[in-house]
Amino acid sequence: MDHVKTIIRLKGFWLHLPLQFAIWLHSFYTVLSLQAASDPSHISSASLLASPPKSGTFEPFEIPPSVIPNFSFPVGSLPPMYPASPLNYDPVLTGRCPANFSAISSIVELTASDCNHQFAAILGNVICCPQFSSLLHIFQGFHSINSDKLILQNAVADDCFQDIVSILAGKGASMSIPTICPTKASNLTGGSCPVKDITSFEKTVNTSKLLEACSTIDQLKECCRPICQPAVMEAVVKISGMQSFMNDNKIVETSDHVDVLNDCKGVVYAYISRKLTHDKANNAFRILSACKVNKACPLSLKQPSEVIAACKNVAAPSPSCCSSLNTYIAGIQRQMLITNKQAIMCAITLGSMLRKGGVMTNIYELCDVDLKDFSLQAMGPEGCLLQSLPADMKYDNSSGLTFICDLRDNIEAPWPSSSSITSISLCAPGN
């Protein structure tokens, strides 16, 4: 099955696929044009309740505000929209962060674009937060380039973190990044990691092995046949002093161990940032983030009690069952844009909840639920699934903000074989 790359431009919001459509977003005019090359054999997920258009060109339409979620309360009242191209401004800095930010200007610009204030919330999990985290790793390594330290002192870390957020906001990014993303100023300090300087690090870690493994990462292989990740974890274990807690090459974790390991991972990333070019380090961190976020469903899935009640004894297409399922999925669609792999995880997770409630029939098949139904919808049944390693947001004066959707035709959402999920692997057998 051929895969279709969908390019979304926000100012213009253009989708190049067999369906090309245009959207106006509230107070800024986001255009999304759609030329439908319809498949008459495909029935929309609401097919039992209404008939979708058969073919033709859809006229431009206005997306209701409900499509754009409030990150802190995805199903409640929503904030007003903002102009598409806010004027950049010179931020007020603390004056207490001794850093030449111009030296990492390319990564700062990229992060500001990826965390654009309009879309940081709906792209936070897969684009904005991974890039913001990468920026902080690079800043941490760059900041101490003229010293032996791999970390920032607490007070300096707070000031620099505040300055970074202000600089990004001055370039059009969201001021809410610290709320949207889990990365905090304390991540720059090394926390409870016992090794925080270059000399001790290089005495403890096989740095040649670490840099060789992470300098050039194959994004198609790293998540299933990792090379950089085990090298990072080996370095983390060594500088954390956790070797004595290893059992079958795995650390017996407690909450204290997790904190130390996470703090030491930040130190390892700072060392990598210091030794690699900014672009190489950024590429590595983004791939490693993608491997992590694609392992779980980021959506908030409430207990599907009404779907279970409507679908428990269904064995054939049922209007009441499909209506209930469609209503449930319409609610989770509002939360955020997710990747194709995350959509698989979400479909399986919801399916297992339904099976646990007694729904044994594959109602995804009965109600024609596709993978893209689990992501934020652009128009009707046309959802946007991001690539497993999402491309960065781009901006230029003619086309506006751009990101790429990865629509693989109309792939049916996978139904789980069991109500009990211990682990799910998206890697081919043997990988």
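## Helix faces and aromatic pairs

In helix α6, which spans residues 207-215, the buried residues are Thr207, Leu210, Leu211, Ala213 and Cys214. Because these buried residues fall within an arc of 165° when α6 is viewed down its axis, they line one face of the helix. The other side of α6 carries Ser208 and Glu212, which are exposed. These descriptions, like those that follow, refer to a predicted model.

Turning to the aromatic rings, the count of aromatic pairs comes to seven. One of them joins Phe139 and Phe142 in a tilted arrangement, and the table lists it with a second pair, Tyr364 and Trp415.

| Pair | Centre to centre | Angle between planes | Class |
|---|---|---|---|
| Phe139 and Phe142 | 6.5 Å | 55° | tilted |
| Tyr364 and Trp415 | 5.1 Å | 85° | edge-to-face |

Phe139 and Phe142 both belong to helix α2 (residues 120-143), and because they are three residues apart they are separated by about one helical turn. An α-helix has 3.6 residues a turn, so residues three or four places apart point the same way. Phe139 is buried with a relative accessible area of 0%, and Phe142 is buried with a value of 17%, which lies under the 20% cut-off for burial. Ring pairs also bring in Phe101, which forms a cluster with Phe139 and Phe142.

The pair of Tyr364 and Trp415 is edge-to-face because the planes of its rings stand at 85°, over the cut-off of 60 degrees. This pair links distant parts of the chain, with Tyr364 in helix α13 (residues 363-366) and Trp415, 51 residues apart from Tyr364, in the segment after β13 (400-407). Tyr364 and Trp415 are both buried.

Notes. Residues numbered from 1 in each chain as written. Predicted model: local features only at pLDDT ≥ 70, side-chain atom pairs only at ≥ 80, totals over all residues. Heavy atoms only, no water. Phe/Tyr/Trp six-rings, centres within 6.5 Å; stacked < 30°, edge-to-face > 60°. Helix = DSSP H or I, 4+ residues; strand = E, 2+ residues; numbered from the N terminus. Buried < 20%, exposed > 50% of the residue type's maximum accessible area, 1.4 Å probe, protein only. Arc of directions from axis to C-beta.
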